[in-house]
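Here are my notes on the model you asked me to look through.

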Amino acid sequence: MAAPMLRGCCPGRRWALACIDHSSRHGRGAPTGSRCSGKRGQSSVAPQHLATAGKPRKGEHEWAAVVGLEVHAQISSNSKLFSGSQVHFVAPPNSLVSFFDASLPGTLPVLNRRCVEAAVMTGLALNCRINKKSLFDRKHYFYADLPAGYQITQQRLPIAVNGSLAYSIRVGAKRSQVINKTVRIKQIQLEQDSGKSLHDDLRSQTLIDLNRAGVGLLEVVLEPDMSCGEEAATAVRELQLILQALGTSQANMAEGQLRVDANISVHRPGEPLGVRTEVKNLNSARFLARAIDYEIQRQIRELENGGEILNETRSFDFKLGCTVPMRDKEGKQDYRFIPEPNLPPLLLYDSESLPAGADPQQVVNIDQIREQLPELPSVTREKLVQQYGMLPEQSLTLLNEVGLLEFFQNVIKETRAEPKKVTSWVLNTFLGFLKQQNLAVSESPVTSSALAELLDLLDRKAISSAAAKQVFRELWANEGKTPAQIISEKKLELMQDQEALEQLCQATLEEHPQVVMDVKKGNPRAINKLIGLVRKATLSRAEPAVIKEMLEKKLSS
């Protein structure tokens with residue numbers, strides 16, 4: 001590699017929290033309110049609240065929407081892109097800032113090998129062409145959290161181009177149909193993150209934290225191949241899964257490790273594309289979908305009412321459910337891109353072009369990285385379908401919920417129950433309880449071992465399916481108890497005395513002659529009522545199928 005890989009910067013230098021007085025501040029727009037935000041250019045104009053997108057209005061089917069995305073993913077690396085400063089989310093403000101991060105005169109960038117390898121690995125996983133020669137550029141703009149007055153990025157010749165991202169969306173009344181789609185990837189480029197601005201209007205000041213300044217980012221530019229919020233959110237979620245599988249980014253949106261800018265426009269089919277707006281800094285897949293769908297409806301309303309769409313940057317107010325103007329783009333900012341003078345071209349190699357005697361620590365071998373690619377989510381889903389006989393939509397859900405696949409696999413390892421039964425319990429019962437209480441898999445009071453034990457008891461016919469559901473509810477409410485303990489305490493064991501069960505069936509028939517008459521007249525629901533009465537009498541300790549068989553035998557005799 002042309003740039004030296006060994007660090008020469010002073011890591012971990014501590015800097016005082018900088019304070020900017022708003023009265024002398026210009027540039028990307030003053031912040032509003034007393035909230036803290038890392039977002040730039042918050043508009044001081046109060047938002048005009050518009051109704052969120054509901055049912056399509058008359059004539060809206062005559063419009064076509066176009067959505068493109070720019071995704072910024074923080075690279076999983078111990079140090080920053082061009083300095084030796086550590087990367088740590090919860091560090092005290094300005095505690096991880098080197099001389100280079102603070103842009104002190106005379107400091108020089110030293111390229112992080114790990115970040116380059118992460119970019120190559122991501123490009124390969126997304127079917128990109130890796131450029132053996134890529135260039136770094138300076139993108140100039142002035143803001144308090146960018147001390148150098150420019151960002152080092154890759155404008156002219158990025159590290160990877162012309163890729164594709166395949167994703168699947170669920171459609172239909174019950175969302176049981178899976179449609180496969182593909183979005184083109186224009187490019188993947190390496191660039192620096194900026195610092196964080198903490199706005200406080202109450203004191204008319206902005207505090208600057210440079211811990212994030214210089215952290216390595218992968219900017220993944222997706223072509224405008226999508227048409228709604230759900231497609232965009234699903235594509236971003238798939239990209240998130242790929243980055244996590246590769247280990248190139250933790251992609252935790254809640255911690256700002258994955259941020260999305262959405263470009264949206266509408267036009268009538270057959271006509272030129274409309275004027276686009278950009279919605280910045282979306283850090284949730286759900287908010288991304290809501291923001292895009294709202295913006296599509298807003299643009300349609302504006303055009304149908306005789307207005308025009310401004311080429312502007314907007315933000316999404318999740319409390320109001322609408323997008324809010326930040327700044328217009330009519331006078332496009334001149335970033336004055338120039339080649340980065342302190343970084344030579346980034347040279348990569350494959351096995352054929354690798355120089356003889358090259359130092360392995362100073363070069364990156366594309367073929368070697370290709371051989372190290374782990375299993376991607378799409379392959380994992382295919383294996384789940386083939387190995388366990390589950391439906392494609394079930395495999396989608398298993399991977400889309402953080403930690404759910406690992407939970408499922410742990411249950412499979414510890415139980416003798418059939419995989420289809422495990423799949424049903426994990427996706428329906430377990431996941432249903434999680435969603436009811438808005439919990440993550442890691443927060444579940446029911447462990448994979450406890451569920452495996454419960455399914456073993458059910459598989460051995462020690463309890464009925466109804467009793468198993470009751471045991472699960474008890475497990476959820478009484479963390480620490482085992483299924484066996486709950487079954488013993490609640491006396492939920494399956495009724496083994498067939499003679500006693502027959503007597504209960506006979507007693508139920510004698511006590512409900514009218515229901516018996518309905519059964520004999522051909523009412524199909526009547527037999528279910530009898531089954532329910534017997535189950536109630538057994539405290540759900542008998543299987544419905546066994547009860548039905550006994551009842552039918554007695555009714556026919």
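1. Helices (H or I, at least four residues) and strands (E, at least two) are taken here as DSSP runs, numbered from the N terminus. This is a predicted model, in which local features need pLDDT of at least 70 and side-chain atom pairs count only at pLDDT 80 or more, while totals for chains, interfaces and linings use all residues. Residues are numbered from 1 along each chain as its sequence is written, and side-chain values use heavy atoms, with hydrogens and water left out.

2. The protein chain holds 15 helices and 17 strands. Of its 557 residues, 48% are buried, a term that means under 20% relative accessible area (1.4 Å probe, protein chains only).

3. Among contacts (heavy atoms within 4.5 Å) in the protein chain with a separation of 6 or more, 71% link residues 24 or more positions apart.

4. When neighbours within four places in sequence are set aside, the residues in contact with L190 include C115, V116, A119, F136, L217 and L218.

5. Helix 9 (residues 448-459) reaches 16 Å from its first C-alpha to its last over 12 residues, close to the 16 Å expected, where the expected span is 1.5 Å times one less than the number of residues. Helix 9 is mostly covered, with 9 of its 12 residues buried, and among these are A450, L451, L454, D456 and L458. The buried residues of helix 9 pack against helix 7 (404-414), helix 8 (419-436), helix 10 (465-477) and helix 11 (483-490). Just after helix 9, K461 takes a positive phi of about 60°.

6. Why does the length of helix 3 (residues 285-304) agree with its number of residues? At 1.5 Å a residue its 20 residues should span 28 Å, and the end C-alpha atoms are 29 Å apart, which agrees. S284 caps the N-terminal end of helix 3, with a side-chain oxygen 3.2 Å from the backbone nitrogen of R286, and helix 3 is followed by G306, whose phi is positive, near 85°.

Methods: Buried < 20%, exposed > 50% of the residue type's maximum accessible area, 1.4 Å probe, protein only. Polar contact = N/O pair within 3.5 Å; in protein donor to acceptor, adjacent residues only side chain to side chain.
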